[in-house]
Amino acid sequence: MVALSLKLQDLIEEIRGAKTQAQEREVIQKECAHIRASFRDGDPVHRHRQLAKLLYVHMLGYPAHFGQMECLKLIASSRFTDKRVGYLGAMLLLDERHDAHLLITNSIKNDLSQGIQPVQGLALCTLSTMGSAEMCRDLAPEVEKLLLQPSPYVRKKAILTAVHMIRKVPELSSVFLPPCVHLLHERHHGILLGTITLITELCERSPAALKHFRKVVPQLVQILRTLVTTGYSTEHSISGVSDPFLQDQETCGGEEVQILRLLRILGRNHEESSETMNDLLAQVATNTDTSRNAGNAVLFETVLTIMDIHSAAGLRVLAVNILGRFLLNSDRNIRYVALTSLLRLVQSDHSAVQRHRPTVVDCLQETDASLSRRALELSLALVNSSNVRAMMQELQAFLESCPPDLRADCASGILLAAERFAPTKRWHIDTILHVLTTAGTHVRDDAVANLTQLIGGAQELHAYSVHRLYNALAEDISQQPLVQVAAWCIGEYGDLLLEGNCEEIEPLQVDEEEVLALLEKVLQSHMSLPATRGYALTALMKLSTRLQGNNNRIRQVVSIYRSCLDVELQQRAVEYDTLFRKYDHMRAAILEKMPLVERDGPQADEEAKQSKAAAQLSEAAPAPTEPQASQLLDLLDLLDGASGDAQHPPPLDPSPGGALVYLLDLPCAPPPPAPIPDLKVFEREGVQLNLSFIRPPENPALLLITITATNSSEGDVTNFICQAAVPKSLQLQLQAPSGNTVPARGGLPITQLFRILNPNKAPLRLKLRLTYNHFHQSVQEIFEVNNLPVESWQ
């Protein structure tokens, strides 16, 4: 049977010649049977050939696990041809999930000690590919010896193996620390490149190594200066840029940067090192040729380094200007990189980035969706009180023509910026109306409430607002948020609409029948949502007290919806009809204009104040958050009652006086319970998660946990998601977080509310799952919190 086995070349030709997948499987199954038979017979001469064929079959996606032990036998062989195939098979077929990989530890140790360079190279490549933590600990002394071998071939592979070992076992940093300083004096391109990679790994994982290698910053600066000025080696010059692979490894396929990245790590939060490299970074930024892509890559990494270290103010302005020139580049990738980097810089160097605002706005018209999205984010970040009018015009023009997948982000961004920087109330109202008219279906859920709050607080603009909204509603009833705001405004200020006196715009003559007909049109439209119909029905009811004519038409419409299939509309109609029939003498008082709901300020400012207050809380003084939490509890209780959830918190004190005192939060309210200390549950690379607790006195079984995520690192935390689980005896409700991005350097944190119902006062355990992106890496953490304060559940 072994004699009928195919050679590797013949097997490849036969597999490629198969017409169908079934023929290919038949050929492979037949040959795998020959390979199994050969392994059973123990043919030592052709074993490496059979394994070579099996590896080709494995690369096609077919099972090849039965060849794992043959890899070990070939590695233990004294012949180089056997070792070569055996090590290749180990790299492809073995990993840490198979215990068999530990059996080759002794073979690798012997091969590393033999002194035969090709064999040592094979062993090092295999170790750096599939070496587990146990193997790394056992073989670290052998790799350390090879780092100082005279052969550059072996030293290069030993350095890369050391990098793998540091990533697997960070505590091995002390083993490889001494040889690195000696290796920095090497002139060989590959050795120096690998050494800088190894030092970078050591600095990222060991504070002691970071402190140690800050002493070699002048040496690194000199190496980079040599590359920039005189050229390091002519054979490594690419497109006129001297050794860009050593200056910036991103030029060769997106790998990590080398010298510039190492300088960035060493200079971060260290003034002395930053000052040493400032002059060099300015030299690199001004002397690098930008006509070639390799030069652009070096410039970009130089900008990143300037951004991360304690660089001079003029140097940071130079970095921003470089990114501004990148925005004019014809390459889309370079423009995307520039927009992303400017977005990171806009918080710390806002005035410098503002100089490139016209170019950023021009990028909104990019056909590439990723570019236009980045340009939108940066444009919104550039809005301030001095340029809000001009920027809003640009963004509103973009909103009218932007792709559908960007419309929601653009509309929400415009509303937030207008709320924060509005110069006048009329301008604010006009801006929101334009957004609702253009992209009403894409706005945030709170846009309706915010606009009604804004209009209600601007008494001098009531007539102007109701005329504008009536005209907009007459033109289009498809934008549901716009229809809801217009119906609310017509219901509240319909008398001003009928008077026709508005100095702000041209007077509009409207009679009662036209207004009623428009609201009835909204009620009957198939495009109207149930909530929109509720707004329209309430508006009709309020107009019954504001119109001078007969209310029979309104009563007929209300009576029709008494049999509506929608429960909410039916309930409203029944109550309104009852108001007409039984309590008509109270109708005018009940349906008078709504009082203005007090609000502290724009949402962004309010969140900032809450976050600042939360950061200043100590274990002994969490009292400032309790009134807000109590109000939030009231709101959540109302929602629970409306939705009909199975579990309800115990009711409040039924006495009218007590309820009124609690509602108005008067000083005579019951004293708050003893404060519960805050708890820090997570910290990694500047990302920190804190828990604060509140148990409302009116509902001891309910615990409110506010999760606050902060970020003190140099990189933004994006796509942040926090999920939680509790024991089955408890009930958990997760509220929506305040956002999904935590800006760098202590920016606005993310807050999220957890409501836990614990009627049996069982010991509280919390399991959290965090997922986010940080420094372009995806992070996922799952952990249990078992040290919750006893006051939170007893």
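Predicted model: local features only at pLDDT ≥ 70, side-chain atom pairs only at ≥ 80, totals over all residues.
# Reading a strand pair and a helix pair

Student: How many bridges join strand S9 to S10, and in which direction do the two strands run?

Tutor: Strand S9, residues 766–774, is joined to S10 by nine bridges, and the two strands run antiparallel.

Student: What is the order of the strands in the open sheet?

Tutor: The open sheet has three strands in the order S6-S9-S10, and their pairing is antiparallel. Its edge strands are S6 (717–725) and S10 (777–785), each of which pairs on one side only, and from one strand to the next the twist averages 10°.

Student: Now for the helices: how are two packed helices described?

Tutor: Two packed helices are described by the angle between their axes together with the distance between those axes. In this model, the axes of helix H16 (residues 271–287) and helix H17 (residues 293–308) come within 9 Å and cross at roughly 150°. Because an angle over 145 degrees counts as roughly antiparallel, H16 is described as roughly antiparallel to H17. The crossing of H16 and H17 is left-handed.

Student: Which residues of H16 and H17 make the contact?

Tutor: On H16 the contact is made by Leu281, Val284 and Ala285, while on H17 it is made by Val298, Leu299, Thr302, Thr305 and Ile306.

Student: How do the residues of this contact divide into nonpolar, polar and charged?

Tutor: In the contact of H16 with H17, six residues are nonpolar and two are polar, and no charged residue takes part.

Key:
Residues numbered from 1 in each chain as written. Heavy atoms only, no water. Axes fitted to C-alpha atoms, helices over the stretch in contact; angles between N-to-C directions. Helix = DSSP H or I, 4+ residues; strand = E, 2+ residues; numbered from the N terminus. Parallel < 35°, antiparallel > 145°, perpendicular 65-115°, else oblique. Left-handed = near helix turned anticlockwise from the far one by under 90°. Contact = heavy atoms within 4.5 Å. Nonpolar A, V, L, I, M, F, W, Y, C, P; charged D, E, K, R; others polar. Pairing = 2+ DSSP bridges.
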